[in-house]
Amino acid sequence: MGSRAEILAKLKANKPEALPLPQIDSSIFDEGLNLIEEFTKKVEVVGGNVYQATSADDVVKQITKMLPDTKVNFSTLEGTSAFNTIDLSTINDPRELEDLDILILESDLAVAENGAVWVNDQSLPIRVLPFITKHLVLVLSKEHILPYMHQAYEKLNHQPTDFGVFISGPSKTADIEQSLVIGAHGALSLTVFLLD
Amino acid sequence: MSHPKLASIFNKDEKKVDWHDKALWFVRHKRDKSVHSVKNWEELRNLGQGIKAHMLSNLDIYLEEFEANANKNGVEVHWAANAEEHNQIVHNILKENNAKKVVKSKSMLTEECHLNPHLEADGIEVIDTDLGERIVQLAKEPPSHIVLPAIHKNKHEVDELFQEHLGTEPCDGNPQYLTHEARKHLRQKFIEADAAITGVNFAIAETGGFVVCTNEGNADMGAHLAPVHIACMGVEKIIPKLEHLSVFLRLLGRSATGQPITTYSSHFKKPANGKKMHIVIVDNGRSEQLSRPDFRASLRCIRCGACMNTCPIYRRSGGHSYDATVPGPIGSILSPGKDLKKHSTLPFASTLCGSCSDVCPVKIDIHAQLYKWRQIITKETPQPFVKKKSMQIMGSVFTKPKQFETVGKIARWSLRNLPQSVINSKPNVWGKERDLPKGPKQSFDQWYNERQKNKNNS
Amino acid sequence: MKVGLFIPCYINQLYPQVGQATLELLEKLNVEVVYPSGQTCCGQPMANSGYESESIGTYHHFVNNFKDFDYIVTPSGSCAYHVKKHYDIIPQTDEVTGVRNNVYELCDFLLNVLKIEDLDASFPRKVGVHKSCHGLRGLRLGSCSERVTPEYSYIEEVLKKVKGVELMPVQRGDECCGFGGTFAVAEEAVSVKMGKDKIKDHFESGVEVITATDTSCLMHLEGLVNRNKQPLKILHVAEILNSNL
């Protein structure tokens, strides 16, 4: 517990008089975005790519064409088990996933204003998956794109999750002389497929 | 050393100053482009300010709520009054888990507490995994910027550093190659780590969860691979509700680098099966800062670094010239609260231009606080006799118009008649690189009175 | 309308021509201007150096000189800002709050109080505007690049009314010049570097004359230009507004 009581007592004694909590009126930020257009633009700005697909099968077909020579692949999409080269139930330690080449995950929430796609425990059998994979593929219905973060959290308020992450583009860094390099510690590429 | 001394050393290499200035101005420019495309950006800042100010005025209550919820989530919560206690708590957790190898993602708090040397003294390997932080760790330097820790280093310096420490090939500073080599080197460290330490960007009272933002993915690589995750946070990282993240995540990335959001905004709540998660809540002077009405707004800071990128002094003096964990304008209002004497030159390392306050996503009145710290510093720390005396004399002369005119007359005469070699002799710091005005024969006052006299006579 | 002219201390002693231009300009616009004799300073030099307590006498002196005017006009954004922002440490009598409310920077006064249409001035030169910080971010005499607000600039609006003025766009129009009062001396190296960069920006943008609402910034820039013998002219905005070239 350490100095719990002491810290709380000090904060209580030193805080100013209570100030009101502002309410968020998300309508004032609304520019009437074309959601698919804006989302696509933003994913591209942050270094990812957006494609259309007709079905899970189509996603697998397209991605195998784009990245043909991969060894370790895994998809959580329904009916795509033929794509998988590993069985997650045999993975004892997430470190064994180090050689994962392609990971395909589903999402039911994305944000137009920043190209972020929400991935959570429910679609994520092992948490490190979207970070450790070389190529990350996210699949999403067009109707799941929301305009701003405000709408995204309205939805998340009803979806309690143990772990979840907004992913906007592939991992990147500009720590060497402000030169943008795609592919830092996380995924080297991000591809989003939009389903009708 | 004082800020002006360190700044003048930095300025000996003008090319480097130009390069540093341009690199950071580029980031400021990206920030401008990004925020100018957000409808009602200023309202978003108002919300950021308002939510944080509300939080600070209920801080103890929200921390208790956060703790209760975190406990329910199976997370162990620890409380540290100061840096030593923080380091001790982290050290104990590592010992309990027999952890010898630790990976750490960016956390200004652990920098502030000097956690690394504390752990290293016990033979624990601590690897900073943010690329910029790894670079400065290899160079045995502190970060010079809170978002861009190695912004003071050029690519050739990084090239040499990596050759020496990581055995890379000479590459003429190719950032692509160097980043790729760092990825390989740090992959190994992630795989081997016994524990991961991360910072916390936002802790949500309502859920007991917390959010960590990175672009590189290093916090997640560490936290999800190692069996133990320790997240260290200052008390002020609390926000009341989940929905408030919508405001702060919109503000943070855009203010920091101009990105619409950081690549990864990871929401941790419960540990994964078979893993442990700890949160260390740290005071270390924050409750004291909360007690200062003029300065408590500094605790609203979300560590975006925008005030550094915009500050014309920071850009031309480098982060190390501040000799403080958090450099730049925000550091110059935080640091005096911790050690007034050591940091007494920082509030003067500003022209009070106000750009910092206007870029701040949570509207901290940084330049107004710099002004207020100045008033305290001149009272509570020793000041040069000459400065003190001259201020007293000026204050007095300005209440006596006749004396003012006499002093003015002497000054004008001197400027007109003394040789340049005397005017620009050493005590005149102004004259080192700048001429003084010529020294007109008449003051405005004299001219005006003469004009009035002529008017009345005619 | 009773207008009191406030001539800041350094303009009074070192740049009287700026005060003269201000007075003549206002008179030309048929404003009844009074220059209260015995005025000195707004108190900013001590206060910004951390010696606010030493400036209290100066504050009272200032209020006494200007308490009877409807408007107090000054060719300095920085001094006007100081009176508005920092005179909160003396008792807020009606006189004090009156003075604080009524003080105006010159361009602000011309545009927003006098609402001038024409200036009958001409200045056929390429002019670069330095947007002095205290006027810009303190008094909001224009929009700044940091904030997302409609664009405006009082100094540029009034300059556009001068025949022949060609306003030259610069790269960093609202970056600080590095003067900053005692900062110019206490942080000499950075101050000089900021000034040099400011001049370079204007020079490379084809500017012939740098102008601003504040002679303090201009004194710093002029000091550098003169020392380095650069072909740039430095003029306070009042001097341009009062020109007939």
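## Strand β11 and its partners in chain A

Strand β6 of chain A, residues 135-141, pairs with β11(A). The two run in the parallel sense, and seven bridges link them. One of the paired positions is Leu138(A), whose bridge partner in β11(A) is Val192(A). This is a predicted model.

β11(A) also pairs with strand β1 of chain A, residues 49-53. Here five bridges join the strands, again in parallel. Asn49(A) stands opposite Thr191(A) of β11(A).

How much of β11(A) is buried? The strand covers residues 189-195 of chain A, and six of its seven residues are buried. It is therefore largely enclosed by the rest of the structure. In a regular strand, side chains alternate between the two faces of the sheet.

## Chain A as a whole

Chain A has 196 residues, and 45% of them count as buried. Its secondary structure comprises five helices and eleven strands. Along the principal axes, its C-alpha atoms fill a box of roughly 65 × 45 × 40 Å.

## Which chains touch

Two pairs of chains are in contact, and chains A and B share the most contacts. Chain A and chain C do not touch. Their nearest C-alpha atoms are 13 Å apart.

Chains B and C do meet. Chain C brings 58 residues to this contact, and chain B brings 54. On the chain C side, several helices each supply at least two residues; among them are α2 (16-28), α4 (56-66), α11 (188-204) and α12 (215-227). By class, the side of chain C that touches chain B holds 25 nonpolar, 23 polar and ten charged residues.

## The largest nonpolar core

In soluble globular proteins, nonpolar side chains tend to be buried together. The largest nonpolar core in this model has 265 residues. Which residues have the most contacts inside it? They are Ala195(B), Phe210(B) and Met233(B). Domain 1 (38-284) and domain 2 (389-457) of chain B both contribute residues, so this core lies between them.

Technical notes:
Residues are numbered from 1 along each chain as its sequence is written. Chains are lettered from A and ligands numbered from 1 in the order in which they are written. This is a predicted model: local features need pLDDT of at least 70, side-chain atom pairs count only at pLDDT 80 or more; totals for chains, interfaces and linings use all residues. Helices (H or I, at least four residues) and strands (E, at least two) are DSSP runs, numbered from the N terminus. A residue is buried if 20 or more other C-beta atoms lie within 10 Å of its own, exposed if 12 or fewer, and partly exposed in between; C-beta atoms are placed from the backbone. Two residues are in contact if their C-beta atoms, placed from the backbone, lie within 7 Å. Ala, Val, Leu, Ile, Met, Phe, Trp, Tyr, Cys and Pro count as nonpolar, Asp, Glu, Lys and Arg as charged, and the others, Gly among them, as polar. A nonpolar core is a set of buried Ala, Val, Leu, Ile, Met, Phe, Trp, Tyr and Cys residues joined through C-beta atoms within 7 Å. Domain bounds come from an automatic or database domain assignment. Two strands pair if DSSP finds at least two bridges between them.
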